[in-house]
Amino acid sequence: MLPDLAIARQKSGVSLAEIAADTKIAVSYLRAIEEGVFGRLPGGIYTVSYIRQYARAIDYDEDELVRYYYRLTGAEPSQEPPTPASKGSSGPGARWARVLG
């Protein structure tokens with residue numbers, strides 16, 4: 001079930017125009033997020049980034065909203081970023097990991 005994001009936003013006291021000004025995300029994209037019409041968003045990493053920024057702007061749980069997006073669309077979450085090289089690893093970043101580690 002789609003969370004009522006418009007009500008959550010109104011309770012947080014911000015308008016779509018204010019969120020757009022702060023995040024540089026077009027009002028049309030913010031409205032699409034509120035309405036759960038994710039097909040109107042640009043796609044790829046932009047969609048998840050926009051959803052997270054919107055959630056933060058209205059003090060909503062961003063992870064919950066992103067999970068909702070993945071459930072609704074069937075999209076696959078992107079892989080987690082690689083972790084820094086451990087002290088025992090090799091490769092170009094290993095030396096810096098040992099120096100900085």
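pLDDT is the predictor's confidence in each residue, from 0 to 100. This model is predicted, so start by coloring on that score.

**Stop 1: confidence**

Select residues 85–89. Here pLDDT stays under 50. Beyond four places in sequence, the model has 7 contacts for this stretch. Where pLDDT is low, the predicted coordinates should not be read in detail.

Next, select helix α6, residues 94–100. Confidence is lowest in this helix, at a mean of 52. Then jump to helix α2, residues 16–23, where confidence is highest, at 97. For the protein, the mean pLDDT is 83. Residues that reach 70 or more make up 75% of it.

**Stop 2: α2 against α3**

How do the two helices cross? Their axes come within 9 Å, at an angle of roughly 120°. Angles of 65 to 115 degrees count as roughly perpendicular and those over 145 as roughly antiparallel. That makes α2 oblique to α3. The crossing of α2 past α3 is right-handed.

Now show the side chains at the contact. On α2, pick Leu 16, Ala 17, Ile 19 and Ala 20. On α3, pick Val 27, Leu 30, Arg 31 and Glu 34. By class, this contact has 6 nonpolar and 2 charged residues, with no polar ones.

**Stop 3: α4 against α5**

Move on to helix α4, residues 44–57, and helix α5, residues 62–73. The axes of α4 and α5 come within 8 Å and cross at roughly 140°. These helices are therefore oblique to each other. α4 passes α5 in a right-handed crossing.

Which residues make the contact? From α4, select Thr 47, Val 48, Ile 51, Arg 52, Tyr 54, Ala 55 and Arg 56. From α5, select Glu 62, Asp 63, Leu 65, Val 66, Tyr 69 and Tyr 70. By class, the contact of α4 with α5 has 8 nonpolar, 1 polar and 4 charged residues.

**Stop 4: Thr 47**

Stay in α4 and center on Thr 47. Is Thr 47 buried or exposed? Its relative accessible area is 1%. Buried means under 20%, so Thr 47 is buried.

Now show the neighbors of Thr 47. Leaving aside residues up to four places away in sequence, Thr 47 touches Leu 41, Pro 42 and Tyr 69. Finish on Tyr 69, which is one of the α5 residues in the contact with α4.

Methods
Residues numbered from 1 in each chain as written. Predicted model: local features only at pLDDT ≥ 70, side-chain atom pairs only at ≥ 80, totals over all residues. Heavy atoms only, no water. Helix = DSSP H or I, 4+ residues; strand = E, 2+ residues; numbered from the N terminus. Contact = heavy atoms within 4.5 Å. Buried < 20%, exposed > 50% of the residue type's maximum accessible area, 1.4 Å probe, protein only. Axes fitted to C-alpha atoms, helices over the stretch in contact; angles between N-to-C directions. Parallel < 35°, antiparallel > 145°, perpendicular 65-115°, else oblique. Left-handed = near helix turned anticlockwise from the far one by under 90°. Nonpolar A, V, L, I, M, F, W, Y, C, P; charged D, E, K, R; others polar.
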